[in-house]
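Here is a short briefing on one protein model. Look over the sequence and the structure, then read the points below.

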Amino acid sequence: MKSGFPSPPAWHQDLVTVGVTGTNGKTTTTTFVAAGLGTLQKPVPWITTLGSYLNDEQLKVSTGYAGFVETMRAGRDRGATHAAAEYTSEALARGFAQAWPCRIAVFTNLTRD
């Protein structure tokens, strides 16, 4: 299946990304993961369906892949080593996991929605 996204940038491996998916609880879990990572080291870029953040600051970036990469780059440029991201089923079906592979995956649950 061809991805609707470009290949990940060469520097994506600089960030250990925790990807969160499942039927319910993705946004909350991603927020908790980002907070936990922030106790170890800051900054932490994190992205949910509600927005893109660097620590507690919401970033004004475009929605979609370009804004995702901009958020991750901002974190990396400021010294981030870890990130958290919500992976929706739609994004996964479109090939997003190939465009930004995560090294750690969290699966919240699987239920009828």
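Buried means under 20% relative accessible area, exposed over 50%, and partly exposed in between, using a 1.4 Å probe and protein chains only. Helices (H or I, at least four residues) and strands (E, at least two) are DSSP runs, numbered from the N terminus. The model is predicted: local features need pLDDT of at least 70 and side-chain atom pairs count only at pLDDT 80 or more, while totals for chains, interfaces and linings use all residues. Residues are numbered from 1 along each chain as its sequence is written, and side-chain values use heavy atoms, with hydrogens and water left out.

**Helix α2**

- The buried residues of α2 are Y65, G67, F68, V69, T71, M72, A74 and G75.
- These buried residues pack against β1 (16-21), β2, β3, β4, β5 (82-86) and α4 (96-99).
- α2 has 13 residues and reaches 18 Å from its first C-alpha to its last, close to the 18 Å expected at 1.5 Å a residue; the expected span is 1.5 Å times one less than the number of residues.
- T71 is found in helix α2, and at 0% relative accessibility it counts as buried.
- Leaving aside neighbours within four places in sequence, T71 is in contact (heavy atoms within 4.5 Å) with P45, W46, I47, S52, Y53, L59 and V61.
- After α2 comes G79, whose phi is positive, near 100°.

**Aromatic pairs**

- Rings of Phe, Tyr and Trp (its six-membered ring) pair if their centres lie within 6.5 Å; planes under 30 degrees apart count as stacked, over 60 as edge-to-face and the rest as tilted.
- By this rule the count comes to eight aromatic pairs.
- The rings of F5 and F96 have centres 5.3 Å apart and planes at 80°, so this pair is edge-to-face.
- F5 lies in the segment before β1 and F96 in helix α4, so the pair ties together parts that are 91 residues apart in sequence.
- Both F5 and F96 are buried.
- F68 and W100 also form an edge-to-face pair, because their ring centres are 5.4 Å apart and their planes are at 70°.
- F68 lies in helix α2 and W100 in the loop between α4 and β6 (104-107), so this pair ties together parts that are 32 residues apart in sequence.
- F68 counts as buried at 6% relative accessibility, and W100 counts as buried at 0%.
- One aromatic cluster is formed by F5, W11, Y65, F68, Y87, F96 and W100.

**The largest pocket**

- On a 1 Å grid over the protein atoms alone, a pocket is an open set of points where a 1.4 Å probe fits, with protein on both sides within 12 Å along at least five of seven lines; lining residues have an atom within 4 Å of a point.
- About 510 Å³ of space lies in the largest pocket.
- Of the 23 residues that line this pocket, the closest to its centre are I47, T48, T49, T63 and G64.
- β2 (45-48), β3 (51-54), β4 (57-59), α2 (65-77) and α3 (89-93) each supply at least two lining residues, and α2 gives the most, with three.

**Backbone details**

- A cis peptide bond joins K42 and P43, with omega about 10°.
- P43 lies in the loop between α1 (26-40) and β2.
- N55 has a positive phi of about 60° although it is not a glycine.
- N55 lies in the loop between β3 and β4 and is partly exposed, with a relative accessible area of 23%.

Definitions and conventions:
Points joined across faces, edges and corners; volume = space filled by probe spheres on them.
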